[in-house]
Amino acid sequence: DEFARLGVDSGAARRLTVTGGGRTVLELLVSERGTDAGGAYVRERADSSVYAWPGNLASVVRRRVDDWRNRVIGAVTPDSIRRVEVERGARRYSLVRRDSVCAFSTGASADSAAVARLLDRFRTLSAGGFPNAAQLDSAFRGRRERRVALFGPADTALLTLDFDSTAGGFWVRRSGGGTVYRVGTWEADQLTPADSTLRR
């Protein structure tokens, strides 16, 4: 069967449906593998003609739902941050910036390079993925394990994130609810570092 050989039979192909105005405009069957020159084989579901489609359509239709989701957790300009509060279990600390100098709220000196790296991580903060339905149901069921809060001029809240550990990483969400994201343990440690790593 020619459709099966090219990967555009209904059993093997990916289905791409385009809708508009409440109706189906186009329905394509797209092969999993590409042509010799790259791209994919395609045909309209109700048509017997098969076409070679250049480009990355084959990889696009293989994407999962999560691959299309916005992974940006937050974006904060580092220069706008005037105060940072971090909670790691029972341990808490704050960093305060006055002019261009950052220090702990207790008055202890902070390592300016380490603080700059911390603030820069919030310039554009992206997730590694999302929980599935079962994971989402169990996330944030208990007390949050970590929190980081950023404040701007006049103590304006810029971004506050809660963290809940999971196997191999952490769930993260904005305080107060909303989308739950996944980040790795290393990244969570960079966003909520131990205060000892920021001391001069």
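Biologist: Hi! How do strand β6 and strand β7 pair, and over how many bridges?

Modeller: Strand β6 (residues 83-88) and strand β7 (residues 91-98) run antiparallel and pair over six bridges. Pairing here needs at least two DSSP bridges between two strands, and strands are DSSP runs of E with at least two residues, while helices are runs of H or I with at least four, all numbered from the N terminus.

Biologist: Which residue is the bridge partner of V86 in β7?

Modeller: V86 has Y93 in β7 as its bridge partner.

Biologist: Before we go on, what kind of model is this?

Modeller: This is a predicted model, where local features need pLDDT of at least 70, side-chain atom pairs count only at pLDDT 80 or more, and totals for chains, interfaces and linings use all residues. Residues are numbered from 1 along each chain as its sequence is written, and side-chain values use heavy atoms, with hydrogens and water left out.

Biologist: Thanks! What is the strand order in the open sheet of seven strands?

Modeller: The order is β8-β7-β6-β10-β11-β12-β13, with antiparallel pairing. At the edges stand β8 (101-104) and β13 (181-184), each with a single partner strand, so one side of each has no neighbour in the sheet.

Biologist: And how much are neighbouring strands of this sheet turned against each other?

Modeller: On average by 20°, direction ignored. The angles are taken between axes, which are lines fitted to C-alpha atoms (for helices over the stretch in contact), on a scale from 0 to 180 degrees between N-to-C directions.

Biologist: New topic: how many salt bridges are there in the whole structure?

Modeller: A search finds 20 salt bridges. Each is a side-chain nitrogen of Lys or Arg within 4 Å of a carboxyl oxygen of Asp or Glu.

Biologist: Why would side chains pair like that?

Modeller: Side chains of opposite charge can pair when their charged atoms come close.

Biologist: Which residue forms a salt bridge with D162?

Modeller: R144 does, and the closest N and O atoms are 3.9 Å apart. D162 lies in strand β11 (residues 157-166) and R144 in the loop between α5 (133-138) and β10 (146-151), so the pair ties together parts 18 residues apart in sequence.

Biologist: Is D162 buried or exposed?

Modeller: D162 is buried, with a relative accessible area of 7%, whereas R144 is partly exposed at 27%. Buried means under 20% relative accessible area, exposed over 50%, and partly exposed in between, using a 1.4 Å probe and protein chains only. Salt bridges that share partners also join E87, R92, R144, R147 and D162 into one network.

Biologist: What does R45 form a salt bridge with?

Modeller: With E27, at 4.0 Å between the closest N and O atoms. R45 sits in the loop between β3 (40-44) and β4 (51-53), and E27 in strand β2 (residues 23-30), 18 residues apart. R45 is partly exposed, with a relative accessible area of 48%.

Biologist: Last one: what is the volume of the largest cavity?

Modeller: About 40 Å³. A cavity is a set of points on a 1 Å grid over the protein atoms alone where a 1.4 Å probe fits but cannot get out, and lining residues have an atom within 4 Å of a point. Grid points are joined across faces, edges and corners, and the volume is the space filled by probe spheres set on the points.

Biologist: Which residues line the largest cavity?

Modeller: Among them are I81, V84, L95 and C102. The elements giving two or more residues to the lining are β6, β7 and α4 (112-120).

Key:
On a 1 Å grid over the protein atoms alone, a cavity is a set of points where a 1.4 Å probe fits but cannot get out, and a pocket is an open set with protein on both sides within 12 Å along at least five of seven lines; lining residues have an atom within 4 Å of a point.
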